[in-house]
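Here's a quick tour for anyone meeting this structure for the first time. Have a look at the sequence and the model, then read on.

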Amino acid sequence: MKHWALATGVALALTAVVTTPALAEGIEGFGAAAGSLGENRGTAGGIGAVTGSTASTGNTDAARSTGGTAPKAVSNATAAPVSGGVYFRHKGSGVEVLTYRGDRSSGGPTAGAGAFAGQFAVAPDGRRIAWIDDKNRLRVTSADGPRMGTVIAKNAAYGGPCLTPAWSADGKRIAYPVKGTGEAMTVAVIGPDGRGRFNAGKTSGPCHLTWSADGRTLAGYAGDTDGVHLLDTRRRTSSRAPGVRLANHVESLSPDGRRVVVNAIGANAPGGDGSWPLSFTPSIYDTRTGAKVAIPVKGRLLGARYLRDGRLAVRVKGTSANTIVVLSRSGKEIQRMAEPAGAKNLGLLWLLG
């Protein structure tokens, strides 16, 4: 059963909200240790990044058509430890960002200022928010900038919270859905200063866009929840990810686009209203074969996200504080850390080194 609602030519889910954290994009964790490094060790069938690309294309070029260069690979052994995290919470019709260093929090940028700001994305450094207002304008707001931010594009799709922009892993580019009608929606890429805009192609999965760390692949789900689609920004072609039948959230891609983290739903499950969730039960699929990849972490999982170097960070529900479990590219547990208690009910967006 599909879950429909209409927004700027794209179907959005109608029923109850699914709450989710967008999870860690950094490296090792912060806070007090919550378990030994030896627990839950296993390969999970190669849960991290795998050499190769998305379903229909190769992925060997270092420089992408997005105008940037692919980030250098960082080995698990040499990655810098994380010292904090970037979180969000909904504040009225807007969004507020909070940064934690240890147990101390500091306020960050807000989006909306009285206007609806459900279509938002936070930069990897936690200092900027890209959001779409009700006049189809893409804005970027910083903590020390103008209250409503700066308009960097005037052709963004507005009409439902699922049509969110997406920051590249290096924070130098923003992908966003372009207003219009049709089965497939155009995705544009622009710098946070409003320069260098170009169209990256059309996709039937414009909801909850997420970008692979190599800068090549964008993934999003269809507005009626009927599957996940991959947009190759170099070839400007889109294909449906195999294996994912229904989904109402796309959280993350592995750095090479070979794995996708989603909230998969059943045929009779609520589709949600398209809001970026505070927690979800993560499922991982191979974007080439469609195989579902196991996550070797026990407990109630609240989300998962691939880190920029190919490791996987998994958020696990706790009593007084949640726990982040970091898995190596081969699926072995290499880090376990407690989140700050004050962040327990917040959405986690990034980890800071």
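In strand S8 (residues 138-142), Thr-141 is the bridge partner of Ile-129. Strands here are DSSP runs of E with at least two residues, numbered from the N terminus, and two of them pair if DSSP finds at least two bridges between them. Keep in mind that this is a predicted model: local features need pLDDT of at least 70, side-chain atom pairs count only at pLDDT 80 or more, and totals for chains, interfaces and linings use all residues. Residues are numbered from 1 along each chain as its sequence is written, and side-chain values use heavy atoms, with hydrogens and water left out.

**Around strand S7**

- S7 and S8 run antiparallel and are joined by 5 bridges.
- The hairpin of S7 and S8 has 5 residues between the strands, and Asn-136 takes a positive phi there, near 65 degrees.
- S7 also pairs with strand S6 (residues 120-122), again in the antiparallel sense, over 3 bridges.
- Ile-129 turns up here too, as the bridge partner of Val-122 in S7.
- In the hairpin of S6 and S7, with 5 residues between the strands, Gly-126 has a positive phi near 75 degrees.
- Why is S7 (residues 128-132) largely enclosed by the rest of the structure? Because 4 of its 5 residues are buried, where buried means under 20% relative accessible area, exposed means over 50% and partly exposed is in between (1.4 Å probe, protein chains only).

**The four-stranded sheet**

- Strands S22, S23, S24 and S25 make an open sheet in the order S22-S23-S24-S25, with antiparallel pairing.
- At the edges sit strand S22 (301-306) and strand S25 (333-338), each pairing on one side only.
- On average, neighbouring strands of this sheet are turned by 20 degrees against each other, direction ignored; for such angles, axes are lines fitted to C-alpha atoms (for helices over the stretch in contact), and angles run from 0 to 180 degrees between N-to-C directions.
- S22 and strand S23 (residues 312-316) pair in the antiparallel sense over 5 bridges.
- Across that pairing, Gly-303 stands opposite Arg-315 in S23, and Tyr-306 stands opposite Leu-312 in S23.
- The S22 and S23 hairpin has 5 residues between the strands, and Gly-310 takes a positive phi near 105 degrees in it.
- S22 is largely enclosed by the rest of the structure, because 6 of its 6 residues are buried.

**Nonpolar cores**

- What counts as a nonpolar core? It's a set of buried Ala, Val, Leu, Ile, Met, Phe, Trp, Tyr and Cys residues joined through side-chain atoms within 4.5 Å.
- The largest one has 17 residues, and Val-228, Val-250, Val-260 and Val-262 have the most contacts inside it.
- S15, S16, strand S18 (247-253) and strand S19 (259-264) each supply at least two residues of this core.
- S18 gives the largest share of this core, 3 residues.
- Apart from it lies another core, of 15 residues, including Ala-123, Ile-152, Ala-156 and Ala-188.
- Leaving out residues up to four places away in sequence, Val-260 touches Ala-219, Val-250, Ser-252, Leu-253, Ser-283, Ile-284, Tyr-285 and Thr-287, with contact meaning heavy atoms within 4.5 Å.

**The disulfide**

- How many disulfides are there? The count comes to 1 disulfide, taking a disulfide as a pair of cysteine sulfur atoms within 2.5 Å.
- The partners are Cys-162 and Cys-207, with sulfur atoms 2.1 Å apart.
- This pair links distant parts of the chain, 45 residues apart: Cys-162 is in the loop between strand S9 (150-153) and strand S10 (166-167), and Cys-207 is in strand S14 (residues 207-211).
- Cys-162 counts as buried at 0% relative accessibility, and Cys-207 is buried with a relative accessible area of 0%.

**Two buried polar residues**

- Thr-203 is in strand S13 (residues 198-203) and counts as buried at 2% relative accessibility.
- The side chain of Thr-203 makes a polar contact with the side chain of Ser-238 (3.4 Å); a polar contact is a pair of N or O atoms within 3.5 Å, and within protein one must be able to donate a hydrogen and the other to accept it, while residues adjacent in sequence count only if both atoms are side-chain atoms.
- The side chain of Thr-203 also reaches the backbone nitrogen of Gly-205, at 3.0 Å.
- Asp-224 is in the loop between strand S15 (217-221) and strand S16 (228-232), and at 8% relative accessibility Asp-224 counts as buried.
- A polar atom of the Asp-224 side chain lies 3.0 Å from the backbone nitrogen of Asp-226.
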